[in-house]
2 protein chains.
Amino acid sequence: MAVESAEPGTTRPGGRTARVREAVLRAAGDALAEQGFAHLDLADVARRADVGKTTVYRRWGTVTGLVADLLKDMAEQSLPRTETGSLLGDLKANARLVHRTLTDPRQGELFKALIAAATCDTRTADALHHFYRTRIEEWAPCVRQAVGRGEVPAGTDPHEVIRAVSAPLYYRLLASGDPLDQAAADRAAEAAAAAARAGAYVRHAAPEGMTGQARTEDSQQADG
Amino acid sequence: MAVESAEPGTTRPGGRTARVREAVLRAAGDALAEQGFAHLDLADVARRADVGKTTVYRRWGTVTGLVADLLKDMAEQSLPRTETGSLLGDLKANARLVHRTLTDPRQGELFKALIAAATCDTRTADALHHFYRTRIEEWAPCVRQAVGRGEVPAGTDPHEVIRAVSAPLYYRLLASGDPLDQAAADRAAEAAAAAARAGAYVRHAAPEGMTGQARTEDSQQADG
DNA sequence: CGCTAAATGAAACTGGAGTCCCGTTATGGC
DNA sequence: GCCATAACGGGACTCCAGTTTCATTTAGCG
């Protein structure tokens, strides 16, 4: 009882504390990639990190708490963006980067586990959303440049375009299970570019003509 | 020891066995929607279903095994498809159906849990893939009709178009956390229709002109 | 340097998820 | 309707994930 002087690791974050965090997060990533979210055991993570299991339980408490911290760590590592001079080229570079990550044996399984963990806990979900917001913002400039070059209509939402590139690849990874090959990545980029050119991602649905007309009332059955 | 006369529930699938299965699957869906995949406890499912916990453990064994059976059951329930006469209208109807499902308090959480479970077990993943294959095939005809009407190029892959409608919605639900509103659903349908019209989903990448050119070699950094 | 307490770690402990045993129910075949 | 046995259910049991305790190490500060 009494107020537990905040979280452990906050008042003395240097030296050993930092080394422990690094080792544990690395071990957690390995374990998640190898065994998946469901079979993750914090004692096993502690063993891999060569750290007392008490420490892991005290600082992170739960599997989702540990994943949330791992995501926070991953979000801080920024990466270079490629520039090719055309929207399609840039989107294709992005698509192939995502494709390479998701098909990499370790990273692909890791991302599946991260997403699974995020479905079970709101704090973890927040960390995941922040991670993707960061990545999407990193690539958004290529769409703004395309707007500047006149490749796509003014008002095009950059985030929407970048999401449109990743979405089909994640859908295959997580839901449909369809082959996740480079052709799929290229098609995702091409489709996003084509839709962007056609004005499908213009913000604030144009008042007339361009966006929605079909006002059909549809069935009441629910499905995904 | 000895050969365990196959799975329980196979030689006498009628009467009580069927009632138990129905009650357990319903309870499992409720529990998954309420507590998520991580906190699912088979004893709790048994309690909700008013069934002995021994029965649940004997017939399904693990959480993922139960989810796999739930998915098998869900895949068998076919649903009506709406027809509006235009590709955009049909895709929008599909998008709104998916949107309504994923934003429904129970169904949305349930689908998140199902996908999380599928990341942890290959049999469950197979069941999930089969579920989506069924749904995608159910809606594929609207693309074939659009090809027939000349709305989209011949050779357009119907499955690819249908996936393109759902993908951005699932990406928001599971990864980015961006708002999952009806406008997003409509935009997903419009983008898929625009890309399809532009020939982005033509099968077997046309030998020249239409699909890939940018052969840029990109960075070696990995990311999603 | 040397002191204080934040943070770690080894080991004992505990509660509940999952297993096992065996008696009871009721399905499917005749 | 009757029998053999597939399937169910209550309850005891086990085992290990997660907690608690307390001694040891070391970061931070003067």
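Modeller: pLDDT is the predictor's confidence in each residue, from 0 to 100. Residues count from 1 along each chain as its sequence is written, with chains lettered from A and ligands numbered from 1 in the order written. This is a predicted model, where local features need pLDDT of at least 70, side-chain atom pairs count only at pLDDT 80 or more, and totals for chains, interfaces and linings use all residues; side-chain values use heavy atoms, leaving out hydrogens and water.

Colleague: What does chain A average for pLDDT?

Modeller: Chain A averages 89, and 87% of the residues score at least 70.

Colleague: Where does it stay under 50?

Modeller: Over residues 209-222 of chain A. Where pLDDT is low, the predicted coordinates should not be read in detail.

Colleague: OK, domains. What's the assignment for chain A?

Modeller: Domain 1 is 16-71 and domain 2 is 78-203, with bounds from an automatic or database assignment.

Colleague: How much area do they bury between them?

Modeller: About 1,100 Å², 75% of it on carbon and sulfur atoms. That's accessible area (1.4 Å probe) lost on putting the two parts together, summed over both. A:A33, A:F37 and A:L71 supply 49% of domain 1's part, more than any other three residues.

Colleague: How many salt bridges between them?

Modeller: The count is 1, a salt bridge being a Lys or Arg side-chain nitrogen within 4 Å of an Asp or Glu carboxyl oxygen.

Colleague: Switching to chain B: why does B:R96 count as buried?

Modeller: Because its relative accessibility is 12%, and buried means under 20% relative accessible area (1.4 Å probe, protein chains only).

Colleague: How far is B:R96 from B:Q182 in space?

Modeller: 6.7 Å, C-alpha to C-alpha, though B:R96 and B:Q182 are 86 residues apart in sequence.

Definitions and conventions
Contact = heavy atoms within 4.5 Å. Buried < 20%, exposed > 50% of the residue type's maximum accessible area, 1.4 Å probe, protein only.
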